[in-house]
Structure formats: C-alpha cells, structure tokens
Amino acid sequence: MTSESGRGEGGADFEGVADVKGGTGRAGGGSEGGEAVGWSVVRAAVPEFAGRVQERFGAYRHHVLATLRKDGAPRLTGLEADFRYGELWLGMMVGSRKVLDLRRDPRFALHANPGPGTDLSGGDVRVSGRAVEVTDPEVVARYAAVVKPPEPFHLFRAELTEAVRTCIQDSCVVLESWVPGRPLRTIRRTSDDAALQVE
C-alpha cells in the first residue's frame, strides 16, 4: 500500500498520532490477547530486538496478514506494513475483506515475507495484536500526504500483544519472543535436545 513499506521511521513530524483512537500507544488490556502497545513502546522496551524485527519487515514490501472471518476461520491476505513515526501502520483498500474482518474483530497476525530460498536471512518474524482503525481525517490526511497511497483507503494502527523472531545460530534454533510487560525471552534448541534452553 505504501512506497516506503517497512522502510524505517521517516523524518517529518507527524503531529496528532498519539491522539488517534487508542490513546498514547496503548490499547487497553482485556482478556483477549492481553495488553496491546504501539510500536514506540516495543522499541523503548526492547530496542535491539525491535530493530531486528523492523529490519526484517523492511527487507521486502509485501507481507502476509491473518485476520478472522465471520465464522472464526483465518483469512490470509497480502499487505504492506509501514513503520513510521513510532507506529506500525496497516493500509487497506476500501471494501477489502480484511477491513471488514478487523472492524468485526481487531485481532490480527502479520508475518514477514520470508523471501526467496530457504535460508531465512534475518530470521522468521511475526507480530500479532489488535488493529485500531484511524478515523481522524487530519491524521489520515497527514499520513496520505507523506506516504501517498492509492486513495481512498482505510488506515489502521497496529497495537501489539506479541512479537516473535526465529533464526538459526550455531546449529541451534533460536526463538526470541516479547510480550508487553515482560522481558525478552530467548529459547535455544536443537533436534537432539531433550529440553528447551530458556534464557
């Protein structure tokens, strides 16, 4: 959806982002999925890990979004993710099924494009949480002025409940996972391990 999908924070000021629905980067807790936080909160809590996640998304433009159909079944569709001004943005065409899904149930998962081959350079990365639709006309207009997506469009801001990165290091599978309010968790294992090595 954007020309700078996943390409970093950008440089221009983006006033009013903290004022859109969802408040200051936190979409309150709740029993479904726990606390959800904006990307700036992830970067502040685990900056090195967040940098690896954002870099992985930035390697390719198109990624895979999972939403929930009306009957609860998963729906997978392509999407461009845009990290900009401390937020992770999801832009969608008017009338798309994923928009209807997210309006009905905001939970989502976003999987980074694995790229060609099987080496998964940079690791296998996914984030999940809740998508908050941005309806403030001024915020949408400011976003459109910088990103220049095809219009009209729907804009959602991602509030994350989990970020996960899996990679191979020294013949071990290394899984890094983070959820709001907890430290980064790292698990290392090989196919011969009888038990997980949790750091």
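Me: At the start of α4, which backbone nitrogen does a side-chain oxygen of Asp136 reach?
Reply: This is a predicted model. A side-chain oxygen of Asp136 sits at the start of α4. The backbone nitrogen within 2.9 Å of that oxygen belongs to Glu138.

Me: Which residues are exposed on the other side of α4?
Reply: Start with the buried set: Val139, Val140, Tyr143, Ala144 and Val147. Seen down the helix axis, these fall within an arc of 130°, so they line one face of α4. On the other side, the exposed residues are Pro137 and Glu138.

Me: Against which strands do the buried residues of α4 pack?
Reply: The buried residues of α4 include Tyr143 and Val147. Their packing partners are strands β4, β5 and β8.

Me: Which peptide bond is cis, with omega near 0°?
Reply: Most peptide bonds are trans. Look in the loop between α4 and β8, where Pro152 is found. The cis bond runs from Glu151 to Pro152.

Me: Is Tyr85 buried or exposed?
Reply: Tyr85 is found in the loop between β4 and β5. Its phi is positive, about 55°, although Tyr85 is not a glycine. The cut-off for burial is under 20% relative accessible area. At 16%, Tyr85 is buried.

Me: With which side chains does the side chain of His154 make polar contacts of 3.4 Å?
Reply: His154 is in strand β8. Its relative accessibility is 14%, so His154 counts as buried. Leaving aside neighbours within four places in sequence, its contacts include Leu90, Met92 and Val99. The polar contacts of 3.4 Å are with Arg103 and Glu133.

Me: How far apart in sequence are the parts that Arg103 and Glu133 tie together?
Reply: Arg103 and Glu133 form a salt bridge, with the closest N and O atoms 3.0 Å apart. Arg103 lies in helix α3 and Glu133 in strand β7, so the pair ties together parts separated in sequence by 30 residues.

Me: What separates Asp101 and Arg104 along helix α3?
Reply: Asp101 and Arg104 form a salt bridge, with the closest N and O atoms 2.7 Å apart. Asp101 is buried at 1% relative accessible area, whereas Arg104 counts as partly exposed at 41%. The two are three residues apart, so the separation is about one helical turn.

Me: How far apart are the closest N and O atoms in the salt bridge of Asp105 and Arg107?
Reply: Asp105 counts as buried, at 16% relative accessibility. Arg107 is partly exposed, with a relative accessible area of 33%. The closest N and O atoms of their salt bridge are apart by 2.7 Å.

Me: Which residues do salt bridges that share partners join into one network?
Reply: The structure holds eleven salt bridges. Those that share partners join into one network Arg52, Arg165 and Glu176.

Me: Which residue in the turn between β8 and β9 has a positive phi of about 50°?
Reply: β8 and β9 pair in the antiparallel sense over seven bridges. Within this pairing, Ala163 stands opposite Trp178. The strands form a hairpin with two residues between them, and the turn residue with the positive phi is Asp170.

Me: How many of the seven residues of strand β9 are buried?
Reply: Strand β9 spans residues 172-178 and is mostly covered. Of its seven residues, the number buried is five.

Me: In the hairpin of β9 and β10, which residue takes a positive phi near 85°?
Reply: β9 and β10 are antiparallel, paired over five bridges. Glu176 stands opposite Thr186 in β10. Six residues lie between the strands of this hairpin, and the positive phi belongs to Gly181.

Terms used
Residues numbered from 1 in each chain as written. Predicted model: local features only at pLDDT ≥ 70, side-chain atom pairs only at ≥ 80, totals over all residues. Heavy atoms only, no water. Helix = DSSP H or I, 4+ residues; strand = E, 2+ residues; numbered from the N terminus. Buried < 20%, exposed > 50% of the residue type's maximum accessible area, 1.4 Å probe, protein only. Polar contact = N/O pair within 3.5 Å; in protein donor to acceptor, adjacent residues only side chain to side chain. Contact = heavy atoms within 4.5 Å. Pairing = 2+ DSSP bridges. Arc of directions from axis to C-beta. Salt bridge = Lys/Arg side-chain N within 4 Å of Asp/Glu carboxyl O.
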